Amino acid sequence: MLNIRDTLFVATAALGFSAAQVAAQTTFIVAVPSDPGQFNPGITTGAHVHAVADSIFNGLVGLDSDLQPVPDLAASWSVSDDGLTYTFNLNQAAWHDGKPFTSADVKFTFENILFKYHSRTKAGLSGVVSAIETPDDRTVIFRLSSPHPAFLRRLNVTEAPILAKHIYENAGDPAEAEANSTPIGTGAYKFVSYSPGDRVVLEENTNYFKGDVTDLDRVVFRIIKDRETALLALQRGEVDYLPRMSAKDISRVEDQSTILTATAGPGGGNCIMTVSFNQDRELTQNSAFRQAFARAVDRNRLNDQVLFGRGKVANAPFSSAIGWAHDASALDALSYDSAAASAILAEAGISDATIDMVHFPNFTKYAELMAQDLAKVGINLVSRPLDRSAAIDAIFKQRDFDTNLISYCNGVDPEIGIKRMYVSSNIAPIPFSNASAYSNDKIDDLFAAAGNTADEAARAAAYGEIQSILADELPYFWLVETVRITAANPNFSGYRPWSGQYLETVRAN
Amino acid sequence: MLRMTLSRTAQAIIMVWAVATALFFLLNAVPGGPVLALTGEFADPDTVARIEERLGLNRPLAERYLSFLGLLASGNLGESYTYAKPALAVTLSHLPATLVLAIPSILMAAAIGLPLGIRAARPGPLSGVIIATALVLFAVPVFWLGHMLRLAPGASTVFPVQGMTDPRGFYQGAAYWRDVSYHAVLPVLTLTMHQMAYTILITRRAIRAQWVRPYVRTGLAKGASVSRVEWRHALPNGAAPIFALFGNRIGWFLSGAILVEVVYAWPGLGQLTLAAIQNRDLPLVISVVVVGVLFTMLGNLLADIAQTASDPRLRSGKAAS
Amino acid sequence: MRAGGMLLLSPVILAAIVPGLISGFDPFAEVAAPLLPPTEGHPLGTDDLGRDLLSMLVAGARGALMLALIAVSLTILIGGAVGLLAGWTGGYIDNALMRFAEFIGVLPRLLVLLLVTTLLGPSLLLVATTLGLTSWPGLARLIRAETLAQKHREHVMAARALGCGNVRIMLRHLAPAAIAPALAVAGPIGASAILTEAGLSFLGLSDPNFISWGDLIRNGQSFFHQGWWLAAFPGLLIVQTCVAFALLTESTTNDP
């Protein structure tokens, strides 16, 4: 394969250009699909910002490939027996502008930024953390009002990036701060420049508190919207890292790239493609109809033809990546069976049903396949692709849909990404909340109980019960668990594709 | 002349007002506000309300329209939601990249398309070949043409498949422009072929319309060569639709080149527009469209001027408008 | 040239009117293994969901022609009405109509379409209507000029002297003169409607409840390395149809 320098040389020679200057430094190029706009990861959960900004910042803890907490800004921590007090000992880190990082930064970030502006952390933690204390510069104590078993897992750079107090303290509204376009972090890479719509350039932080962990001198994020273009660029060596690609294209790049798979990544993880049934519409309210829908859809085919076998048919409402809470046999009774589906519909007296399905345009293939399967049992599925903003408006605000298709990311704990879909308090015009408007007191109670104890066995039991009720009532139908497939330059290793800091420890081979 | 300048300016102002107003109400009437793009998922009503307040989206529409008009009058189109910078400045900063594609494509299309179009107005097999080629190029979707071009055997190994500069290069000065032109080869070629097809077809039609005029026959009878008649007589007389085409296409290049910009991940106005629409970045959408409209009007104006300057009747001042 | 245009267009028209004649499969259904190369039974192969490509192309013909027909009819209707009215009445009405035409004419059409389809959801009918509503100013100008030229001809003056009403004069005496320019723009507008829709499809904004050739190209491009036929055949069909439209126009304007 020709790499970019060879090609450049050939081309410059061919066009009579003077010899191209070959950068002595290692510049690593990541293709990202959309423009970040700004670089404050504390005020948004948007993947377009986190895909870039997470490399500039750190969380208190990181997550390893099994999504277990590991040190990041916090060197170590201890938890009180009642699960209500977390004490973190901080690393001796410095901000990119040279100022020291202290416990005051942590307290400021949580209280003034994350609990106000980071919608996921605000929803999940602001009611749980009752006080943040800073006995000295190197120690932070979080006091919780009730045990929160997912606490440590919510402190990584994607969920809770730590920002500099001295930058944001007097900057006014953090959403409009100047500093959002010239970020100062503690991370492995420092911000250099940003050309909107084109690229973001970062350089290695030679003063990183973890030492010299990377061989990359510069990281350039190139904004490439078209997937085919990004793939060609990777094949041509114009790009080193493609964070998301379709499984069908693996064969095109596998002999020249390292293929990495992960179920998580910046912006969320452990996602299940999920159909929501609108509980306010006559047909989708009918549980026989939902049963028939579930039996009529061949989910193996979805996995084979949309995910090219790289995903996994969902066998429970909870992601299999959260192993301890996952009930692997929850959906056994809902195997694919067109004849059974037809029988259910006949018995319920439903014939020639027409329903719509709202979804993002990139999920059209799922809708097309389901429409094929449903047509066999006499259900006419009308696909309604709407762009992101319009779909969210139609689903959560106007509630104008029979069914919809959403990639619900379960996160690393049921408290983070699962509970929101089922509890009745979350029936609100909030993006990615309880889309079906499913309401069941028993479910509400079980989630409350599971979220209030640190005892994993007790939690698992509650979650098991929840899953069997859900499988029975089918307010949603869980199709396939998706994976992120990443292609990376094989001359390096140490990629961490499950994390927001995916380039923190990249080494040349 | 002064009168014409004034009336053109007044016309431009009214046009900008009309376009901006239409867009303002269209964008505010449709579902899906900008808030989501700014917060990501889980945005609770509090967060949404705070952002709406910050962006002024919670005020009555009429009041917002008035303050929008105030901004417009001062030549300001508001602040982009995504970039937190003046929308017009963001738009103009993307303009050079688009011009790097548009100007060479228009010039090359004219340089190749005009002679071919004139030649194709003569009868004969060569004309058939030219017309057939132009028709096919006209009928190929431009994004498909762009994609196929970079998959073509020679192109795919020599020229970059995306981007405007090499991110590993960090070039300055002349080296920078060499790098840009090297990256521009394939997208410019795509746009040139597309624009050339239009040029050939329109030119041919314009020249043929002149062929049947008596003065052409007179010229030939006086012994003028065919090509002299074509270039000295038929072309200036039939130039109106050709100038109109080019005038019109200036606006197209600023917005219609979106597809080619997406194929080549070219950081120009087209990509900016797409992102602005998807993010519901209202000020930025309005700003991009207003700039597009102004360029279209400028293009039309240039076409008028060029036509006046080249048309022998208009030049001598004898013709009635 | 007209014959050539008809020759190229006739299979498309045939497919739109009697799809079953050419291909017998349900274009939305899985009828064979996915990504079959062109074979017997599936002369153009199958796509990634096991649908018969020929049947999909045939089904797409109806959408494409409908799109072109709506866009062209609206253009001729609005452009004709505005042109006739402006040319015949003159004065303030003429001025206002022409300013309005100018306003519509400078709107960047692809941007308007992008806005409308992103904001309101992709729909073939919406695209066709928007194209029709934005494509007429050029024609209106042509017809206005034609009307101005006809206005003082004898037959119009005579009709006026005989006391014919405005509407009658416009329809009976002026409209026929507008037919030539209207036919001249029909081809390019029909072709550009199909090409524009293809462009929107490339950006992921096609109506999934219709089969669009442009969307088939987009999908096919992403499967180019698994099945070249998926992008090649719909691409060729678009070229064929648009060339046909252009040829029909060339013939009506130029060949004496």
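A salt bridge here is a side-chain nitrogen of Lys or Arg within 4 Å of a carboxyl oxygen of Asp or Glu. The views below are taken from a predicted model.

View 1. In one of them, the side chains of A:Glu176 and B:Arg54 come together, with 3.7 Å from N to O. That pair counts as a salt bridge because its N to O distance is 3.7 Å and the cut-off is 4 Å. The interface of chain A and chain B also holds 15 residue pairs in polar contact, with both residues of each pair at pLDDT 80 or more.

**View 2. The side of chain A that touches chain B.** Chain A brings 65 residues to the contact, and chain B brings 50 residues. The size of an interface is often given as the accessible area lost when the parts come together. For chain A and chain B the buried area is about 5100 Å², and 55% of it lies on carbon and sulfur atoms. Both helices and strands of chain A give two or more residues to this side, including helix H1 (4–15), strand S1 (27–32), helix H3 (103–117) and strand S9 (199–204). Helix H6 (227–235) and helix H13 (388–397) of chain A are also among them. H1(A) gives the most, with six residues. Sorted by class, the residues on this side of chain A are 27 nonpolar, 17 polar and 21 charged.

**View 3. The contact between chain B and chain C.** Here 41 residues come from chain B and 39 residues from chain C. The two chains bury about 3600 Å² between them, with 79% of that area on carbon and sulfur atoms. Which three residues supply more of the area that chain B buries against chain C than any other three? They are B:Phe143, B:Trp144 and B:Arg205, which supply 17% of that area. The interface of chain B and chain C has zero salt bridges. One residue pair is in polar contact between these chains, with both residues at pLDDT 80 or more.

**View 4. The side of chain B that touches chain C.** The elements that give two or more residues to this side are helices of chain B. Among them are helix H1 (2–29), helix H7 (142–151), helix H9 (173–211) and helix H15 (282–310). By class, this side of chain B consists of 30 nonpolar, seven polar and four charged residues.

**View 5. A nonpolar patch on the surface of chain C.** Five residues are shown: C:Leu14, C:Ile17, C:Val18, C:Leu21 and C:Ile22. Together they have about 450 Å² of accessible area. Helix H1 (2–17) and helix H2 (19–22) of chain C each give two or more residues to the patch. C:Ile22 belongs to helix H2 of chain C. The chain as a whole has eleven helices and zero strands. The C-alpha trace of chain C spans about 75 × 40 × 25 Å along its principal axes.

**View 6. A salt bridge within helix H3 of chain A.** A:Glu111 and A:Lys107 form a salt bridge, and their closest N and O atoms are 3.0 Å apart. The two residues are separated by about one helical turn because they stand four residues apart in helix H3 of chain A. A search over all chains of the structure finds 40 salt bridges.

**View 7. Two loop residues of chain A with positive phi.** A:Arg399 is not a glycine, yet its phi is positive, at about 50 degrees. This residue lies in the loop between H13 and strand S19 (403–409) of chain A. A:Ala437, also a residue other than glycine, has a positive phi near 65 degrees. The loop that holds A:Ala437 runs between helix H15 (419–422) and helix H16 (441–451) of chain A.

Conventions: Residues are numbered from 1 along each chain as its sequence is written. Chains are lettered from A and ligands numbered from 1 in the order in which they are written. This is a predicted model: local features need pLDDT of at least 70, side-chain atom pairs count only at pLDDT 80 or more; totals for chains, interfaces and linings use all residues. Side-chain values use heavy atoms; hydrogens and water are left out. Contact means heavy atoms within 4.5 Å. Buried area is the accessible area (1.4 Å probe) that two parts lose on being put together, summed over both. A polar contact is a pair of N or O atoms within 3.5 Å; within protein, one must be able to donate a hydrogen and the other to accept it, and residues adjacent in sequence count only if both atoms are side-chain atoms. Ala, Val, Leu, Ile, Met, Phe, Trp, Tyr, Cys and Pro count as nonpolar, Asp, Glu, Lys and Arg as charged, and the others, Gly among them, as polar. Patches are made of residues with over 30% relative accessible area and no salt bridge: like charges are joined within 9 Å, nonpolar side chains (Val, Leu, Ile, Met, Phe, Trp, Tyr) within 5 Å. Accessible areas come from the Shrake-Rupley method with a 1.4 Å probe; for residues, only the protein chains shown count as cover.
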